[in-house]
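Let's take a walk through the charged pairs of this protein. Have the sequence and the 3D view open as you read.

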Amino acid sequence: MHTSCDEDFQFINRGLRRWRGWSESFLPLSAISASSAVKAALVRSLVAAPPRRVRPWSFLLGVFALFLLPGSAAEPPPSAGASNPNVLFIVVDDLNPSLGCYGNTAVKSPNIDRLAARGVRFDRAYCQYPLCGPSRASFLSGRRPETTGIYVLNTPPRTALPDAVMLPQFFRERGYFTAGAGKVAHNLRTSDEKSWDAYEDGPGNDPQEKAAIESRYGGGDGRPAWHVLDGDGSQMRDGLNAATTAKLIAEKSAAKKSFFLAAGFHKPHLPWTAPKKFFDLYDEAKLTPPAEPAMCDIPPIALQTELSGFAQPASRAGALRGYYACISYTDSRIGMLLDELDRLDLWKTTLVVLVGDNGFHLGDHGGLWAKLSAFDASTRVPLIFAGGSVPAGRVIGAPVELIDIYPTLADLAGFPAPAGLEGRSLVSLMRGASERRPRPARTMVYHYDTATKRDVLSQTVIGVSWRYTEWNGGEAGRELYSLAPDPHEYQNRATDPALVSTLREAQAELKKSPEPRPGPANRPRALAPDDEGKAKQKKKKQ
């Protein structure tokens, strides 16, 4: 009898070991975390062909044990423990890679630079839709815009994805205190109640900043404008939100409470407002950009941004000064948060992520400003991970996507990622793994054709050495850029016989892109087709 029972339990143990090994080797974490269908399939196969020499009762016990493994639908999310790190999630509005750590020596960004030095900097990170609201809905949900169907500014992600577990919500469900201060969601109306224990983003107390915002969004001139403020920046929106975040870091650390804190900085979004001392960092006479190469064969539909239809700024050098001043102001507020981590000795127990929601044109390509294009200037953003178990001083050159942030944070925090995420964990890349065939990045955007009064879809795939875009499936134009000789994308070589093999590779990759879910598209407000559209655009706030 003893021998028979021993054999039975050996069978159960062997089965469990095999299940664990098989699932960890061949299933993604998302599948393990929602694996009821997989387990059911295993049960059906075992019942159809049960192992020999095993008693029925022990066989049934072994099948039942499958449902006690991690991932059972009835099992609640694991709670945060001592080994699960805090998270400080920093989102900066309209921040392109004009930073010292990304090679722009003109820009003063010492705090972001020191963050990069103590972590991993992704040199080629791309947003999935180059506009604030759609991009944030994408990386906070871990879904592509094609899945969310959000292509305009003010759609709450929860209306499009009622059952999704958003990134802050994921940590809240695991016992973390979650709070947001500033522009994390696009605005308060699009914030997600299930995600936060606390969330705030007020108008600030700086009267000059308020006046500049009202001038821009109250029906004023839409071209880029900058304003030198008299105050020290502490009463601006970003100053107040940084102070709130720093206070919460200290409070939750003292209470020994795991936290997920998100700090959303408005600047360098237009209008460019910053205290005088940050404007004084830049000599306008020294900010004249180099001469641009001639553009070749770029489809007209591609040369559009959010600000198309408005006049050029009064001075391109002055505009650069305003944008850079705002970056340096935001950098100073980020420094407050990093100083707090230093003061409380929290770097070993806190993961820090810094990301821009989309890029920003600065007068390139014949005078493009802002975002909402398929060019690298509009889609490429800074992405930095630091703290906790993140290695220091590394730079990753492979293309990555902002939808990779969610599964990466879950992985670094020690939790299985939830089902439905469309990105991947970047932890192996951070730790030095090489990819035999790096995965391309994907992005999409709609442009408005004023002649036909129709929205035109572009889908883009970005490889290691090229970028390929199709407008309306290629009917409105194709773009192929060879990035080594043309990193800023001025020479469209889609018809170049020398790049036929590259074109075929890029087209094959683009075919793998999902079909976009139907939804309204954001249009440049100066090109809005009717008075109603223009009125709606004038009411938009940052």
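What follows is a short report on salt bridges in this predicted model.

Side chains of opposite charge can pair when their charged atoms come close. Searching the whole structure turns up 30 salt bridges.

| Pair | Closest N and O atoms |
|---|---|
| E435 and R424 | 2.3 Å |
| E479 and R467 | 3.6 Å |
| R467 and E489 | 3.0 Å |

Let's begin with E435, which forms a salt bridge with R424. This pair links distant parts of the chain, 11 residues apart: E435 sits in the loop between α17 (427-430) and β14 (441-449), while R424 sits in the loop between α16 (405-413) and α17. Why does E435 count as partly exposed? Because its relative accessibility is 27%. R424 counts as buried because its relative accessibility is 19%, and the cut-off for buried is under 20%.

Now to R467, which forms a salt bridge with E479. E479 belongs to strand β17 (residues 477-482) and R467 to strand β16 (residues 466-471), so this pair ties together parts 12 residues apart in sequence. Both E479 and R467 are buried.

R467 also forms a salt bridge with E489. Because R467 is in strand β16 and E489 is in the loop between β17 and α18 (500-510), the pair ties together parts 22 residues apart in sequence. R467 is buried, with a relative accessible area of 2%, and E489 is buried with a relative accessible area of 2%.

Finally, take a look at D93, R136, K183 and D357, which are linked in a network of salt bridges.

Conventions. Residues numbered from 1 in each chain as written. Predicted model: local features only at pLDDT ≥ 70, side-chain atom pairs only at ≥ 80, totals over all residues. Heavy atoms only, no water. Salt bridge = Lys/Arg side-chain N within 4 Å of Asp/Glu carboxyl O. Helix = DSSP H or I, 4+ residues; strand = E, 2+ residues; numbered from the N terminus. Buried < 20%, exposed > 50% of the residue type's maximum accessible area, 1.4 Å probe, protein only.
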